[in-house]
Amino acid sequence: MPSCPQCGSANVVDDDLYSQTQRVCADCGSIVSEGLFTTTLNDEKQSSAVPYYASTQVTKKPCPNLIKGLVRVRALCRILRLRSDMESGAVSLYERAYSHPSFIQVSLQKKEVLGGCCVLSTCRQHNWPVAMCTINSLLEAEPMLMGVVYQDLVKALDLQPPPTASLTDMLESYCYGYKLAPGEVPDVFAETPEQLVQRSAALVELAADVWLVTGRHPLPILMACVYVAWQSLKPKDRMKHSLQKFCQIARLPKDACGACKETPLRRVRELRDVLCKLGRELPWMRGGAVEPKTVATLVEDILKHQKSLLLKAMRSYEEEVEQEVREAAESRQDDVLSSTESLLAGQLSGRDQGPVTPAQDVPPARQPKSGESMLEASGGSNKTTEESAPPAGEEHWGRRHLFLPPCARNVKRRREESPGPHVTGEEEISDSEIESYIRSAEEIRSYVEFQKKMTEN
Amino acid sequence: MEPSNDVALDIIVTNVVSVFRTRCHLNLRTIGLEGNNVIYKPEVGKVLMKLRKPRITASIWSSGKIICTGATSEDEAKLGARRLARCLQKIGFKVRFSDFKVVNVLAVCSLPFQIRLIEFTKNNRPIASYEPELHPAATYRIKTLRSTVQVFSTGSITVTGPNVQSVASAVEQIYPLLFECQKTLV
């Protein structure tokens with residue numbers, strides 16, 4: 001019955017817009033008849049669930065994971081006590097990143113880490129010093145994963161890489177994490193944050209000057225500097241406490257420094273070595289040895305006269321090196337002279353001398369002077385006894401410097417493989433060469449039998 | 001005067017990666033059985049074959065694509081690849097050596113001075129990037145040469161590029177930038 005009961009027009013059309021087809025009057029819009037509600041499974045299947053990313057709804061409701069992520073980002077910002085504009089920046093960055101095609105379908109774990117990366121990126125853009133390690137420990141995420149996600153984020157959203165925060169900026173907020181205020185710990189251990197920051201900042205600057213900072217994780221160095229600074233502020237009472245004890249006293253969280261617990265210890269050792277080298281130059285030490293364990297007493301004086309001590313130490317080291325080079329050259333010359341004389345004598349007498357190796361008579365380069373252990377000295381002497389007669393010009397440039405990146409001091413010599421025959425790539429390949437790469441029939445048989453035996457067992 | 005004019009730098013090529021095709025299907029099980037110095041990895045679907053001279057490791061896939069790594073020069077890579085193809089021919093496959101291409105060259109170079117990485121990154125932003133918490137070296141990507149240079153504070157640099165020529169040009173290009181950022185204590 002095609003006529004509409006309301007207006008009587010015959011213009012009745014089938015409307016398929018909704019899940020039920022309806023017959024509607026095109027003139028007045030009233031519904032003439034509608035289908036039955038679906039009762040069979042077949043009809044139900046028409047409306048299947050549409051996944052979030054494929055939905056074309058214009059104003060999408062935020063998906064639950066996005067909401068959770070935003071809550072997490074806000075929580076992180078609050079823990080780090082960021083300003084409200086930075087918090088809103090981080091939140092909007094997270095929303096942008098979340099809906100970016102390279103992040104919309106990643107695992108939930110990565111999405112969690114993405115929140116942390118957005119916070120880190122916002123902090124960097126506002127020059128707020130936060131280390132990646134700190135955010136890692138808050139999220140309990142793997143550092144590698146964080147690194148990967150951070151780099152993907154920078155690439156995907158084309159964020160301008162901001163300057164890497166300098167260590168001294170990070171130091172202040174880091175020091176406030178140590179609970180050493182006068183009321184919280186016994187007076188022997190207590191230190192106001194300002195004093196701690198001041199002393200640690202000087203140590204961090206020194207560490208940066210002597211190559212202990214470049215290329216390394218910042219947090220272990222900060223921990224080492226704060227520890228040595230704390231010891232040096234009341235050396236008599238605090239010198240006997242180890243780094244672990246110090247962390248307990250200050251109630252540091254367990255993974256404050258990332259996974260490796262030994263790195264801060266190594267940094268403490270390196271820092272103390274440097275302080276010993278400088279301490280040696282103090283006029284009232286008169287060139288006497290300075291022990292790493294007791295150097296805490298001298299730290300204040302060393303830091304006061306940092307620059308001049310550095311210059312002095314380097315100058316005296318250079319003089320030592322030059323003197324040794326001169327001695328080595330002289331003794332080599334003497335040996336060469338004596339060996340050429342003996343060679344001539346041998347030739348005159350008509351006998352064949354064995355190959356002359358003046359190198360073996362070169363004395364080991366350095367007897368460490370005044371009893372202190374100079375790592376360069378032992379490293380250098382090892383090198384000269386290993387190699388055979390390096391002429392003076394070929395010494396590693398590192399020997400001339402007192403303060404070096406630690407890995408440059410113990411340089412591994414490249415295994416000098418004899419240079420391969422000059423190839424052009426187009427040479428003939430003989431059959432015999434190839435035969436060596438193919439098993440003979442007998443070998444194949446024995447191999448197959450052996451495999452069978454192995455699988456049977 | 002360009003500082004590089006006075007200094008002769010030793011650029012040591014440590015690895016050349018190349019690919020070629022055999023234009024025929026390869027039965028990996030046969031290669032695993034009949035070849036010497038082979039490792040068959042059925043879970044990944046490839047065979048690793050190691051040649052002694054030149055020292056090269058090849059990953060052989062059943063589609064006939066082969067990747068060779070470990071050569072120390074482009075010519076060596078080609079010789080090794082041809083040797084490998086001859087090997088497979090002898091085993092019994094109808095191999096045709098085709099589409100040989102050097103894909104990647106890795107070289108190292110040691111500069112005689114230390115480098116302040118933070119300064120270097122600041123002077124060359126955004127081409128250079130430095131994340132001490134992720135990697136101890138600063139990365140410098142040269143888009144025109146499609147090369148990447150990793151700069152360590154000790155003065156060692158590693159360069160990767162599509163061929164030896166681009167690697168050499170990359171070192172030449174980056175040397176003056178590094179020379180500026182070298183620093184010894186005053």
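This is a predicted model: local features need pLDDT of at least 70, side-chain atom pairs count only at pLDDT 80 or more; totals for chains, interfaces and linings use all residues.
Entry 1: Side-chain values use heavy atoms, without hydrogens and water, residues are numbered from 1 along each chain as written, and chains are lettered from A in the order written.

H8 covers residues 167–175 of chain A and H10 residues 218–233; they pack at about 65°, axes 10 Å apart (lines fitted to C-alpha atoms over the stretch in contact, angles from 0 to 180 degrees between N-to-C directions). Helices here are DSSP runs (H or I, at least four residues), numbered from the N terminus. Among the residues in contact (heavy atoms within 4.5 Å) I noted A:Leu171 and A:Tyr174 of H8(A), and A:Leu222 and A:Val226 of H10(A).

**Entry 2: where the chains meet.** Next I checked chain A against chain B: 48 residues of chain A are in contact with 46 of chain B. Together they bury about 4400 Å², 57% of it on carbon and sulfur atoms (accessible area, 1.4 Å probe, lost on being put together, summed over both).

**Entry 3: a charged pair.** Which side chains meet in a salt bridge? I found B:Glu131 and A:Arg124, at 2.6 Å, N to O (the rule: a Lys or Arg side-chain nitrogen within 4 Å of an Asp or Glu carboxyl oxygen). The rule finds one salt bridge across this interface.

How values were computed: Buried area is the accessible area (1.4 Å probe) that two parts lose on being put together, summed over both. Helices (H or I, at least four residues) and strands (E, at least two) are DSSP runs, numbered from the N terminus.
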